[in-house]
Amino acid sequence: MVTGSGSAEGEIHVAGNVSSLTDSTSIWVSSLSGNARISIDGSLFGYYLEPTVKMDSLLDNAALAVDWDGDDYYDYWSVDNASVQVGSTFYHENSPEHHIWEIQPCRGDLNNDGVVDNFDIDPFVLALVDPDGYEDEFPGLEGSRVYHGDCNCSGLFNSFDIDSFVDLVEGNCCDSECPGCASFARGGGGPNPADIAAILAESVAAERYDALLTIVSDVAASDEPNAEFWAQVLETLGG
């Protein structure tokens, strides 16, 4: 068991599973504040009499993440018995609004809500061009940024992931593998560049529009198979 009588301001990183016992809490800190993190590599298990992780308070940009880097599909939060207690409130699953995360297995799910959709477009751009800003916006997801952003499974998160990312968004496709369900998302003759441009433009924050243009321009100027498609998207976007 890890305990603390004061505030935790650094990081508690557990390289494996965390499980409560019948008569004890595994991790217990009085307050998690500032940019403090509890990062768990593995799964979160528990016993119904005791929370697995307990905090008197969770403040500022402090956060907890289960399977923090998203690399193992089989690491999970056992919703049957594992809980995180903050004050008198118990959490039993992914709770983004409280910075208590179970990292979701979906490539492209940059807001980690378990769905890949238009609401991931702005976080995708933010995570790619401004990792520090992404960490500020989504405290606790810095460890899974590359996992979620690497939509073509190249091992890198860069501009070339946008092609597979759009497939995932179009198909509302949640998959940990590549190409996975993304390969079926376009369907028919493929998407219309103007339609994709409209979706991207409507979904990205105004202050990140130029960053979006840079990402699209990188792909349009490359020798990627869909470069011409992205050149048409770029033209529609005004780039």
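A disulfide is counted here when two cysteine sulfur atoms lie within 2.5 Å of each other. In this predicted model, that rule gives 3 disulfides, and a short tour of them is a friendly way into the structure.

The pair C173 and C181 meets the rule, with sulfur atoms 1.6 Å apart. The torsion about its S-S bond is about 90°, so this disulfide is right-handed. C173 is buried at 4% relative accessibility, whereas C181 is partly exposed at 24%.

A disulfide also links C106 with C174, at an S to S distance of 2.0 Å. Here the torsion is about -80°, so the link is left-handed. C106 sits in the loop between β12 (100-102) and α1 (121-129), and C174 in the loop between α4 (162-170) and α5 (193-203), so the bond ties together parts that are 68 residues apart in sequence. C106 is buried, with 1% relative accessibility, while C174 is partly exposed at 40%.

C153 and C178 make up another pair, their sulfur atoms 1.9 Å apart. This link is right-handed, with 70° about the S-S bond. C153 belongs to the loop between α3 (145-149) and α4, and C178 to the loop between α4 and α5, so parts 25 residues apart in sequence are tied together. Both cysteines are partly exposed, C153 at 33% and C178 at 27%.

Taken in sequence order, the bonded cysteines of the protein pair as 1-4, 2-5, 3-6. C151 is in no disulfide: the nearest cysteine sulfur, that of C178, is 7.2 Å away. C151 is buried, with a relative accessible area of 4%.

Terms used. Residues numbered from 1 in each chain as written. Predicted model: local features only at pLDDT ≥ 70, side-chain atom pairs only at ≥ 80, totals over all residues. Heavy atoms only, no water. Helix = DSSP H or I, 4+ residues; strand = E, 2+ residues; numbered from the N terminus. Buried < 20%, exposed > 50% of the residue type's maximum accessible area, 1.4 Å probe, protein only.
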